[in-house]
Amino acid sequence: MILAMLSNGDLLAALSTRLRERHTLEAWLIACLVEVKNRNLHLENAYSSMWDFCVRGHGMSEHEAQLRLRAMRVVREFPSALGYLERGEVHLSGLYALSDHLTSENHEELLREATRKSVRAIEVMLAARFPMPDSQQKARGRIRPLSTDRYRIDFTISAERNARVDRIKDLMRHRNPTGDLEMIFDRATDLLLDELEKEVLGKTSRATTTAMGDASVARTASSGSEVPRAVRREVFERDDAQCSYVDADGNRCPERGFLELDHVRPKAHGGSDTIDNLRILCRAHNRLHAEQTFGREYVAQKINLAQAKQRDAPASAFRTAASALRKLGFHRHSVHRALAKVRTQIAPETASTEKILREALLLLA
């Protein structure tokens with residue numbers, strides 16, 4: 001079709017037709033993504049996540065993947081949203097803006113109200129319905145490349161955290177006279193990386209660990225519930241700290257985050273903690289293996305039970321911490337104020353008794 005030869009009316013008609021087709025195609029893509037997710041086809045084909053499937057596997061930009069995957073999650077929960085996309089009544093960006101506010105009770109009403117609105121108009125509508133104080137608007141850290149070897153990081157911190165940074169500057173003056181934040185960040189990340197490698201990968205700082213000792217421990221089954229550190233270390237080294245899942249075509253999952261130890265033969269079926277029976281899988285492929293072994297429904301029930309226990313854990317951890325602080329001689333009111341402050345500083349999923357005590361003692365001291 002040579003556009004220059006079309007009349008004004010024909011050109012506008014052709015454009016309208018293509019736009020309608022685009023809405024239909026976009027809705028079809030979202031429906032396909034829903035089905036891929038439901039069947040776990042991304043995992044079976046060695047993608048660590050739907051994000052990996054869209055960006056690495058199918059060349060979507062990060063922005064396209066973000067919009068489409070959010071739409072996929074909305075459509076999985078509220079199937080009628082697909083019709084709004086297909087008819088062009090709500091666009092992907094609008095659905096993205098709506099997604100955090102849709103519930104089983106209000107989704108139809110909000111989708112109708114958002115029909116034919118711009119993103120800005122939808123945001124105004126949502127702000128009127130769900131006002132949020134400034135204190136609840138958290139700025140997320142952003143990393144931007146400046147050159148081939150330099151990056152800029154922007155994020156916000158609390159006043160208490162800033163006071164700690166100032167204290168660190170004072171204590172580092174001999175090595176860092178100007179209080180350069182990059183030097184502080186370098187040191188902090190080095191320490192955190194060492195700690196995480198010991199915790200997750202089983203690495204040790206002992207340079208003189210005997211090879212015979214490590215080997216004998218590594219190749220014997222653990223009698224307890226925890227995999228020995230030497231075994232964990234050797235398995236991570238063997239699998240190169242990367243998910244070891246390989247699909248039928250020989251493609252290996254590239255994921256290096258959310259890594260977990262997995263038993264090739266499950267412990268429930270008599271599997272041991274030997275190196276030969278252990279491998280590294282990302283969380284998604286670990287769950288896929290569990291579903292293939294025990295069934296989806298059984299795994300979902302186990303996860304729901306674990307999440308329920310996790311929700312109850314912070315309250316128990318705070319009670320234990322409060323009791324310990326009182327035994328150390330701190331006044332009840334001081335303990336109450338310190339723990340109330342700690343609740344605002346740490347995420348519930350990381351609220352262990354040890355961490356709560358450490359943060360509370362810093363405040364009380």
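Here is a walk through this structure, from the overall make-up of the chain to a few individual residues.

The model is predicted, so local features are described where pLDDT is at least 70 and side-chain atom pairs where it is 80 or more, while totals for chains, interfaces and linings use all residues. Residues are numbered from 1 along each chain as its sequence is written, and side-chain values use heavy atoms, with hydrogens and water left out.

Let's begin with the whole chain. It has 16 helices and four strands; helices (H or I, at least four residues) and strands (E, at least two) are DSSP runs, numbered from the N terminus. Of the 365 residues in the chain, 29% are buried. Here buried means under 20% relative accessible area, exposed means over 50%, and partly exposed lies in between, with a 1.4 Å probe and protein chains only. Among contacts with a separation of 6 or more, 55% join residues 24 or more positions apart, a contact being heavy atoms within 4.5 Å.

Now to the way helices pack. Two packed helices are described by the angle between their axes and the distance between the axes. The axes are lines fitted to C-alpha atoms, for helices over the stretch in contact, and the angles run from 0 to 180 degrees between N-to-C directions.

Take helix H3 (residues 50-58) and H4, which pack at an angle of about 145 degrees with their axes 10 Å apart. Their crossing is right-handed; a crossing gets that name if the near helix is turned clockwise from the far one by less than a right angle, and is left-handed if anticlockwise. On the H3 side, the contact is made by Met 50, Trp 51, Cys 54 and Val 55, and on the H4 side by Glu 62, Ala 65, Gln 66, Leu 69 and Met 72. These residues divide into seven nonpolar, one polar and one charged. In this grouping, Ala, Val, Leu, Ile, Met, Phe, Trp, Tyr, Cys and Pro count as nonpolar, Asp, Glu, Lys and Arg as charged, and the others, Gly among them, as polar.

While you are at H4, look at Arg 68, which lies in this helix. Is Arg 68 buried or exposed? Arg 68 is buried, with a relative accessible area of 13%. Leaving aside residues up to four places away in sequence, Arg 68 touches Glu 26, Leu 29, Ile 30, Leu 33, Met 60 and Leu 92.

Ser 80 is partly exposed, at 29% relative accessible area. Its C-alpha atom is separated by 7.9 Å from that of Glu 108, 28 residues apart along the chain. Not counting residues up to four places away in sequence, Ser 80 touches His 107, Glu 108 and Leu 111.

The axes of helix H7 (residues 107-114) and helix H8 (residues 119-129) come within 10 Å and cross at roughly 140 degrees. That makes H7 oblique to H8, because angles under 35 degrees count as roughly parallel, over 145 as roughly antiparallel, 65 to 115 as roughly perpendicular and the rest as oblique. H7 passes H8 in a right-handed crossing. Here Glu 109, Leu 110, Glu 113 and Ala 114 in H7 meet Ile 122, Met 125 and Arg 129 in H8. The residues of this contact divide into four nonpolar, no polar and three charged.

Ala 46 has a positive phi, near 70 degrees, in a residue other than glycine. Ala 46 sits in the loop between helix H2 (41-44) and H3 and is buried, with a relative accessible area of 1%. Ala 241 also has a positive phi, of about 50 degrees. Ala 241 is in the loop between helix H12 (229-238) and strand S3 (259-263) and counts as partly exposed at 22% relative accessibility.

Finally, the cysteines. How many disulfides does the structure hold? The structure holds zero disulfides, a disulfide being a pair of cysteine sulfur atoms within 2.5 Å. The sulfur of Cys 282 is 3.8 Å from the closest cysteine sulfur, in Cys 243, which is too far for a bond. Cys 282 is buried, at 1% relative accessibility, whereas Cys 32 is partly exposed, at 30%.
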